[in-house]
Amino acid sequence: MIEFKLPSLGADMDEGTLLEWRIAPGEAVRRGQVVAVVDTAKAAVDVECWQDGTVLDLLIQPGDKVPVGTPIAALLEAGETSETVQRPARVAKPAQPAPAPGTTTSAAPPASRARISPAARKRAAELGVDAGTLSGTGPQGAVSLADVEAAAKSAAPLDRQAAMRQAIAAAMSRSKREIPHYYLGETIPLGAAMAWLSAHNAGLPPEQRLLPGVLLLKAVALALRDYPQLNGYWQDGAFRAAPGIHLGVAVALRQGGLIAPALHDVADKPLEQLMAELGDLVQRARSYSLRSSELSDASLTVTQLGDQGVDSVFGVIYPPQVALVGVGRIAERPWVEEGRLCVMPSAQFSLAADHRASDGHYGARFLGEVRRLLQTPDRL
Amino acid sequence: MDDAQIRREVLEALQGIAPEVEAETLRGDRPLRDEVDLDSMDWLRFLAALHQRLGVNIPEADYQQLTSLDALLAYVGRRLAAG
């Protein structure tokens, strides 16, 4: 029998509240299938199964809040039947007070679609408010923006922003407490990359254009193939290389806070595919809808704060990762090439790395490789 | 399409990307990407929305003309008038 446990949802997420099951007892599940939706401080996460099996039992109910690592479902492996295995215990729950005798417990109200304005629905999602539970004060009882915001205020523990702030605080404090960071910076010329990109984008509608950020991500991923000591985790007192090159992409959220979900297998994918996947990932991060693998798989994080205009950024490593690459603004700057002064687009790249896992010399060579790769953009 | 219609379409496209934008408080003469806090991905999605709503495909080479909301509205107006 397989005990399916609530998987890790990233270093800053140690518990989740089950919103709904997507599977039922008796159903076959495949590896990678979404089996449940779990709410966390940062997102409503689609939890994926990591193994094939048949659902024997669901051990927690919607509304239950459990720590990461708690068994939440029991699955049968191939060849097992419900008779041949011992059923696991359900997660103990605090006893519900019994209804007083003589009173009838009213059934839950029928699941009618609540009247709610699109703006209020969106705000409710942002604030982590279940709009279905609100009674509206708008026309025909519709739930208005004001109703949602009032509910969010009264339900402080549900306030996603406060919870996210706490989650970031915990992860970043742990990082600075435990990880001996070293920092390197290098200005990388991007003349060839930007010229290639503008030629590539010239005939294309906005929907098909590439952003410079995608080239930079690909270059970082390809360089990591040669510098695997930066791609992985520091766990139990030792470095463990990650099985794939999954770049965490720092996404600033409009309401404040940030999340760095993983873009999978970046080194293996063509730029067009990476661009499409990045667009999708950013949008889902901002609407708080991510998959569990995206929250737990990132093997190195990239932050491109240069997009907001700063010249450089030296990041805080997201534990248990061992490195973070920061990219400053791409701008035309004075540059010396072959003894002549010229104008060249460039960006300051930085590496923040865990000195337990690598040394500055190694990190410097990694940044040099990123630089080399960006000089031949047609090969990315 | 008159100026008011263009403005409405542009603002709706913008609000699709940045829901917190309020048309009344948006200063049309300020740098748009600062006024609305658009990163490069937001900007590209905004241009894609304009392309779909208005049929105006704005090339990268013209980005520098789109410094503010007013400049962008004028640009879109010119492109639509030119057919």
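**Close-ups of a predicted model**

**View 1. Strands β4(A) and β5 (residues 44–48) of chain A pair in the antiparallel sense over 5 bridges.** Strands here are DSSP runs (E, at least two residues; helices are H or I, at least four), numbered from the N terminus, and two of them pair if DSSP finds at least two bridges between them. This is a predicted model, where local features need pLDDT of at least 70, side-chain atom pairs count only at pLDDT 80 or more, and totals for chains, interfaces and linings use all residues. Residues are numbered from 1 along each chain as its sequence is written, while chains are lettered from A and ligands numbered from 1 in the order in which they are written. Look for A:A36, whose bridge partner in β5(A) is A:V47.

**View 2. Strand β2 (residues 15–21) of chain A is joined to strand β4 (residues 34–39) of chain A by 4 bridges.** These two run antiparallel. Here A:E20 sits opposite A:V37 in β4(A).

**View 3. The largest nonpolar core has 104 residues.** Helix α5 (residues 212–226) of chain A gives the largest share, 10 residues. Such a core is a set of buried Ala, Val, Leu, Ile, Met, Phe, Trp, Tyr and Cys residues joined through C-beta atoms within 7 Å; buried means that 20 or more other C-beta atoms lie within 10 Å of a residue's own, with C-beta atoms placed from the backbone. A:L217, A:V220, A:L247 and A:V370 have the most contacts inside this core.

Conventions: A residue is buried if 20 or more other C-beta atoms lie within 10 Å of its own, exposed if 12 or fewer, and partly exposed in between; C-beta atoms are placed from the backbone.
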